Amino acid sequence: MPELSTEDQKLVTLARATIARTGSPEGAAVRDLDGRTYAAARVALDSLTLTALEVCVAMALSSGAKGLEAAVRLGGEGEPDLRAVHEVGGGDVVVHLGDARGQIDG
C-alpha cells in the first residue's frame, strides 16, 4: 500500500465508513481547497445514476467549493470516470483508488 498523508488517510476512512453505513459496493470521499471533506456512496435509481465520486463532486460544488485537493474511490467496478474530479480539481488533483476494504492500489 502506498504511503498516504494523514489527510488522505482520513478520506479513505470516510469512504470506508460510507460503504459500511450504506451497504453500497462503492464509496468515495473528496477534500476541497478549504479542507472540507465530502463522502458519498453510488446512487442508482431508474431516473438517476451517479458514481460515488460524482456525488462527492456535486456535494462539494453545491457547498461552494472552488476546487479539489484530493479524492478517494473505494470499490466499484472498472476504471473510474474521473472527468468531474479533474474538471473541478484540475489534472494534478491526487486520486487514490482502492478496494472496498480500503486497500489502496499501489
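**Stop 1: the largest pocket**

Start by selecting P25, E26, R42, T51, L53, R73, G76, E77, P80 and D81, the residues that line the largest pocket. Its volume is about 150 Å³. A word on the terms: on a 1 Å grid over the protein atoms alone, a pocket is an open set of points where a 1.4 Å probe fits, with protein on both sides within 12 Å along at least five of seven lines, and a lining residue has an atom within 4 Å of a point. The grid points are joined across faces, edges and corners, and the volume is the space filled by probe spheres set on them. Rolling a probe the size of a water molecule over the atoms shows where empty space is left.

Before you go on, know that this is a predicted model, in which local features need pLDDT of at least 70 and side-chain atom pairs count only at pLDDT 80 or more, while totals for chains, interfaces and linings use all residues. Residues are numbered from 1 along each chain as its sequence is written, and side-chain values use heavy atoms, with hydrogens and water left out.

Now colour the lining by class: you get three nonpolar, two polar and five charged residues. Here Ala, Val, Leu, Ile, Met, Phe, Trp, Tyr, Cys and Pro count as nonpolar, Asp, Glu, Lys and Arg as charged, and the others, Gly among them, as polar.

**Stop 2**

Click on R73, in strand 5 (residues 68–75). Helices (H or I, at least four residues) and strands (E, at least two) are DSSP runs, numbered from the N terminus. Is R73 buried or exposed? R73 is buried, with a relative accessible area of 8%. The cut-offs are under 20% for buried, over 50% for exposed and in between for partly exposed, using a 1.4 Å probe and protein chains only.

Show what surrounds R73. Leaving aside neighbours within four places in sequence, R73 is in contact with E26, G27, A28, L53, G78, E79, P80, H96, L97 and G98, where contact means heavy atoms within 4.5 Å.

Next, pick G76, in the loop between strand 5 and helix 3. G76 is partly exposed at 36%. With neighbours within four places in sequence set aside, G76 is in contact with P25 and E26. Draw a line from the C-alpha of G76 to that of I19: the two are 57 residues apart in sequence and 11 Å apart in space.

**Stop 3: helix 2**

Select helix 2 (residues 52–62) and pick out A52, L53, V55, C56, V57 and A60, which are buried. What covers the buried residues of helix 2? The cover includes strand 1, strand 2 (37–41), strand 3 (43–44), strand 4 (49–50), strand 5 and helix 3 (83–89). After helix 2 comes G64, with a positive phi near 95 degrees.

**Stop 4: the network around R31**

Move to R31, in strand 1 (residues 26–32). R31 is buried, with 8% relative accessibility. Together with D8 and E69, R31 belongs to a network of salt bridges. A salt bridge is a side-chain nitrogen of Lys or Arg within 4 Å of a carboxyl oxygen of Asp or Glu. Side chains of opposite charge can pair when their charged atoms come close.

Beyond its neighbours within four places in sequence, R31 has contacts that include E7, L11, T37 and L68.

**Stop 5**

- K10 and E7: their side chains meet at 3.1 Å, N to O. The two are three residues apart in helix 1 (residues 6–22), so about one helical turn separates them. K10 is partly exposed at 43%, and E7 is partly exposed at 36%.
- D32 and R36: the closest N and O atoms are 2.8 Å apart. D32 is buried at 0%, whereas R36 is partly exposed at 33%.
- D81 and R83: this pair meets at 2.6 Å, N to O. D81 is partly exposed at 30%, while R83 is exposed at 63%.

**Last stop: G89**

Finish in helix 3 with G89, which is partly exposed at 22%.
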